[in-house]
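Subject: Structure handover

Hello,

My notes on it follow below.

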Amino acid sequence: MKQNILIIDPSYKKNSIFKNEFCFPIANMIKEIPNITFEIKHYTEKINYDEFDKIIISGSALKDFEYLNHLNKFEFIKTTNNPILGICAGMQIIAKIYEAKLKKCKEIEITKTITTKKNKLFSGEFDTYSIHNYSIYCPKEFEIIAKSKKVQSLVSEYSTCSVFFLKNSKIIIHAIKHKKKEIYGVLFHPEVKNKEIIENFINL
Amino acid sequence: MRVGVLFSGGKDSNYAMYLASKEHEIVCLISIISENKESYMFQTPGNDFLEVQAKALNLPLIKVKTKGEKEIELKDLKKAIKIAIKKYNIEGIISGAIKSNYQSIRIQNICNDLKIWSINPLWQTNEKKYLDELIKNKFEIKIIAIASYPFTRDTLGKIIDEKTKYEIINISEKYKISCVGEGGEFETFVLNSPLFKHKLEIKEYDKIMESENCGFIQIKKISEIKK
């Protein structure tokens, strides 16, 4: 099935060097999939979302939070019916659009991610490439589908981590899914490790 | 943004600098000189001639020595970056990391601790296209070390041009190795780039072989050539 994928660059300015680092790796892997076309657009650009079948919001640099000053540019997340995948900053944007808060949580490492709810993107326990200083609280319209193997009590250096109480355990959220729509957020970077997650999203 | 470059003298740090220079002000080079040839983090061949490249780039070079012990060498890298922050007011670091999660995570951690930007323009790049870009942008790159079958003594000293590029790609496909030497299969030394004020030419060198498929070029004399 032919599909046109929109990759949104949330970096601090259009055509910044971070497009190379966060959007090109996604584009490079999408290029390898037959019948898939794509466009990379900066979030400040005028975008006709109807031209696209699916939307991926990429990550951005660890120090880049400029997008938080322009969240109105991401209101389409609530209005479009197209499947959306938010990666790292992309997941934080989704959470903010649904009025959840970010919480300090440093994971700059290969982490273990554990699936907590059956979903169409991944399953089981797997290593992930994580580069973030913030996790999220889960918005009420979403459910947690993966958590970090780390829990706050086991890692003192993560004392400021975002935690969420689930079955009496403090967890670090690694992935969420909208309860009714195909909107996913992953805190780790599947374009670096676990590329099949992006393929599974495209195949939804 | 004022940025420093983690500089090995090879193609990746030079090309990452070239890409970043279109957007940011490159103000210094930072090189870690490792005593350990097996360092996971730093290239060792060609280290004696980094000053020559720095002169060609008209940039100051911060050189810090390390014993190259795993993880401890990171403290030396952090020390070097701190010097660059203090001396040149850098706000970010450019690295030529391509696929190595090991390198990338450690550089990201150091930059995060020091509250500066980590910029990796080649991250996850398409390796074959990257070789094309190097040639298209007139980078003159010499292979100065090999550490993998089927590379031999004859590979040492080759310039990465169209012919060598195809040879490397064929080898990488046949033997399932990186065509850009990301796994340390080969190391390079840049003799010219769009950022070089003058070209370099290796006038005298010896080929030192440690085994049939492992060796390096010991540079003895480099000349500057007007562009």
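Into which domains is chain B divided? Chain B has domain 1 (2-119) and domain 2 (137-225); domain bounds come from an automatic or database domain assignment.

Some ground rules before the details. This is a predicted model, in which local features need pLDDT of at least 70 and side-chain atom pairs count only at pLDDT 80 or more, while totals for chains, interfaces and linings use all residues. Residues are numbered from 1 along each chain as its sequence is written, and chains are lettered from A and ligands numbered from 1 in the order in which they are written.

Chain B, domains

The C-alpha centres of domain 1 and domain 2 of chain B are 20 Å apart. Between them, 21 residues of domain 1 are in contact with 21 residues of domain 2. Contact is called when two C-beta atoms, placed from the backbone, lie within 7 Å. On the domain 1 side, α1 (11-21) and α2 (50-57) of chain B each supply at least two residues. α1(B) gives the most, with six residues. Helices (H or I, at least four residues) and strands (E, at least two) are DSSP runs, numbered from the N terminus. By class, this side of domain 1 has nine nonpolar, nine polar and three charged residues. Here Ala, Val, Leu, Ile, Met, Phe, Trp, Tyr, Cys and Pro are nonpolar, Asp, Glu, Lys and Arg are charged, and the others, Gly among them, are polar.

Chain B, sheet

An open sheet of four strands runs in the order β7-β6-β9-β8 of chain B, with antiparallel pairing. Pairing takes at least two DSSP bridges between two strands. The edge strands are β7 (186-192) and β8 (199-211) of chain B, each pairing on one side only. Twist from one strand to the next averages 20°; axes are lines fitted to C-alpha atoms, and angles run from 0 to 180 degrees between N-to-C directions. Strand β6 (residues 140-147) of chain B is joined to β7(B) by six bridges. B:Ile141 has B:Val190 in β7(B) as its bridge partner.

Chain A, overall

Chain A has five helices and eleven strands. Its C-alpha atoms fill a box of roughly 45 × 35 × 30 Å along the principal axes. Buried residues make up 45% of the 204 residues in chain A. A residue is buried if 20 or more other C-beta atoms lie within 10 Å of its own, exposed if 12 or fewer, and partly exposed in between.

Chain A, two residues

A:Ala175 is found in strand β10 (residues 173-178) of chain A. A:Ala175 counts as buried because it has 29 C-beta neighbours inside 10 Å. Beyond four places in sequence, its contacts include A:Ile145, A:Tyr184 and A:Gly185.

A:Lys195 is in the loop between β11 (183-186) and α5 (196-202) of chain A. With 16 C-beta neighbours inside 10 Å, A:Lys195 counts as partly exposed. A:Lys195 touches A:Met29 and A:Pro190, not counting residues up to four places away in sequence.

Between the chains

18 residues of chain A are in contact with 17 residues of chain B. The chain A side divides into ten nonpolar, four polar and four charged residues.

Best wishes
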